[in-house]
Amino acid sequence: MLLALVYGTILLHRRQKLLIPWYWYLALVFIDVQGNFLSIRAYQYSYITSINLLDCWTIPWVMLLTRFALGTRYSFWQFVGAGTCMAGLSLVLLSDSNSPDVQDASKRPLLGDVLIIAATFCFAFSNVGEEYCVKKKDRIEFIAMLGIFGVLVTGIQISLFERKNLETINWSPTMISLFTGFVIAAFVFCTISSFVLKMSGSTMFNLSLLTTDIWAVAIRIFFYHQKVHWLYYLAFAVVAMGLIIYSLNDSSSDDETAASTTETTTQYEQLSSEETGGANLDWQNRKHQDDDHTCQAPQDNGIDLV
């Protein structure tokens with residue numbers, strides 16, 4: 001609702017038609033909402049280690065979708081950077097595995113794993129769609145439609161599936177403050193993520209999100225006063241290294257693409273000029289031959305020129 005109020009107002013002030021039909025925005029928002037719903041629901045059935053591990057599937061989904069949907073090409077070193085980031089996240093999971101969780105009989109890990117895998121595909125589809133909207137069309141329009149149709153989709157789903165849970169909430173000052181803080185954080189996240197997707201793309205965006213688990217270390221240390229395994233610090237360094245490898249080669253690949261495009265354009269211009277020059281030369285030769293033939297014809301026919 002906050003996204004709809006802020007960015008919707010800006011969109012109305014522009015008084016311009018939508019660059020993308022509204023039903024495409026509705027479909028994209030519906031997929032995004034389902035991804036959030038499935039990922040949160042997965043925590044009810046599975047363990048955090050399994051969820052974080054399977055959440056990495058967003059990256060290959062995104063790389064696959066951007067390759068076929070947007071025509072994005074990835075170099076060998078970009079795959080190395082992505083693999084390095086996933087290796088860093090595996091170190092986080094290895095650290096978590098050293099602290100065994102208490103087994104809960106109410107857990108259904110297989111169902112939770114299926115839910116999080118489905119959520120990763122929804123997130124990948126949503127990120128690729130958002131990348132297309134913010135790069136090819138208009139960023140403000142997309143965020144406004146995300147807020148407007150997000151209110152519609154979530155409102156319907158809450159009324160159908162979670163109305164009783166909503167009624168049981170004790171709206172104390174603490175609970176209101178927590179919801180307010182979450183809304184502000186989500187608003188800032190949606191705003192900044194649109195810039196990241198426009199500048200770097202959905203693959204780099206999801207690779208950067210792998211650091212979310214690393215930033216949780218600060219919360220564990222300073223807020224919960226818990227000890228952190230040394231593998232967390234190693235994981236942070238590995239993930240940062242992977243991001244640097246990917247981003248550097250992402251820039252170089254863009255330069256190569258631009259250079260290739262410039263070279264192709266230059267060759268085309270040279271070819272066009274050569275063809276034009278050759279055509280002019282042929283026309284001049286034919287003109288000279290016609291003039292010579294005209295001058296020689298009267299002599300051959302024996303006609304006197306007066």
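Leucine 5 lies in helix 1. Helices here are DSSP runs of H or I, at least four residues long, and strands are runs of E, at least two long, numbered from the N terminus. Leucine 5 is exposed, at 55% relative accessible area. Exposed means over 50%, buried means under 20%, and partly exposed is in between, with a 1.4 Å probe and protein chains only.

Before I go on, the ground rules. This is a predicted model, where local features need pLDDT of at least 70, side-chain atom pairs count only at pLDDT 80 or more, and totals for chains, interfaces and linings use all residues. Residues are numbered from 1 along each chain as its sequence is written, and side-chain values use heavy atoms, with hydrogens and water left out.

Now the overall picture. The protein has 12 helices and zero strands. Read along the sequence, the pattern is α-α-α-α-α-α-α-α-α-α-α-α. There are 306 residues, and 33% of them are buried. Next, contacts, meaning heavy atoms within 4.5 Å. Take those between residues at least 6 apart in sequence: 86% join residues at least 24 apart. The accessible surface is about 20000 Å². Carbon and sulfur atoms hold 65% of that surface. Those areas come from the Shrake-Rupley method with a 1.4 Å probe, and for residues only the protein chains shown count as cover.

What does the record say? An unreviewed UniProt entry lists "transmembrane region" for residues 22-39, 76-95, 110-128, 140-160, 175-197, 204-224 and 230-248. UniProt positions follow the numbering used here, feature names are shortened, and annotations may be inferred rather than shown by experiment. Take two of these spans. Residues 110-128 are 100% helix and 0% strand, with end C-alpha atoms 28 Å apart. Residues 175-197 are also 100% helix and 0% strand, and there the end C-alpha atoms lie 32 Å apart.

Back to helix 1 and its surface. Which residues form the nonpolar patch? They are Met1, Leu2, Leu5, Val6, Ile10, Val151, Phe182 and Val183, together giving about 730 Å² of accessible area. Helix 1 and helix 9 (173-199) are the elements that give two or more residues to the patch. Helix 1 supplies the largest share, four residues. As for the rule, patch residues have over 30% relative accessible area and no salt bridge; nonpolar side chains (Val, Leu, Ile, Met, Phe, Trp, Tyr) are joined within 5 Å, and like charges within 9 Å.

On to charge pairs. Side chains of opposite charge can pair when their charged atoms come close. A salt bridge here is a side-chain nitrogen of Lys or Arg within 4 Å of a carboxyl oxygen of Asp or Glu. How many salt bridges does that rule give? The count is two.

One joins arginine 14 to aspartate 138, with the closest N and O atoms 2.7 Å apart. Arginine 14 is in helix 1 (residues 2-14), and aspartate 138 is in the loop between helix 6 (109-136) and helix 7 (139-161), so the pair ties together parts 124 residues apart in sequence. Arginine 14 is partly exposed, at 36%. Aspartate 138 is buried, at 14%.

The other joins lysine 135 to glutamate 131, closest N and O atoms 3.1 Å apart. This pair sits within helix 6, four residues apart, so about one helical turn separates them. Lysine 135 is partly exposed at 38%, while glutamate 131 is buried at 5%.

Arginine 15 lies in the loop between helix 1 and helix 2 (22-45). Its phi is near 55°, a positive value in a residue other than glycine. Most residues other than glycine have a negative phi. Arginine 15 is exposed, at 79% relative accessibility.

Glutamine 78 is in helix 5 (residues 76-97). Is glutamine 78 buried or exposed? Buried, at 1% relative accessibility. The glutamine 78 side chain reaches the backbone nitrogen of serine 75 at 2.7 Å.

Glutamine 157 is in helix 7 and is buried at 13%. Its side chain makes a polar contact with the side chain of glutamine 34, at 2.4 Å. Leaving out residues up to four places away in sequence, glutamine 157 touches Phe30, Val33, Gln34, Phe37 and Glu162.

Notes:
Polar contact = N/O pair within 3.5 Å; in protein donor to acceptor, adjacent residues only side chain to side chain.
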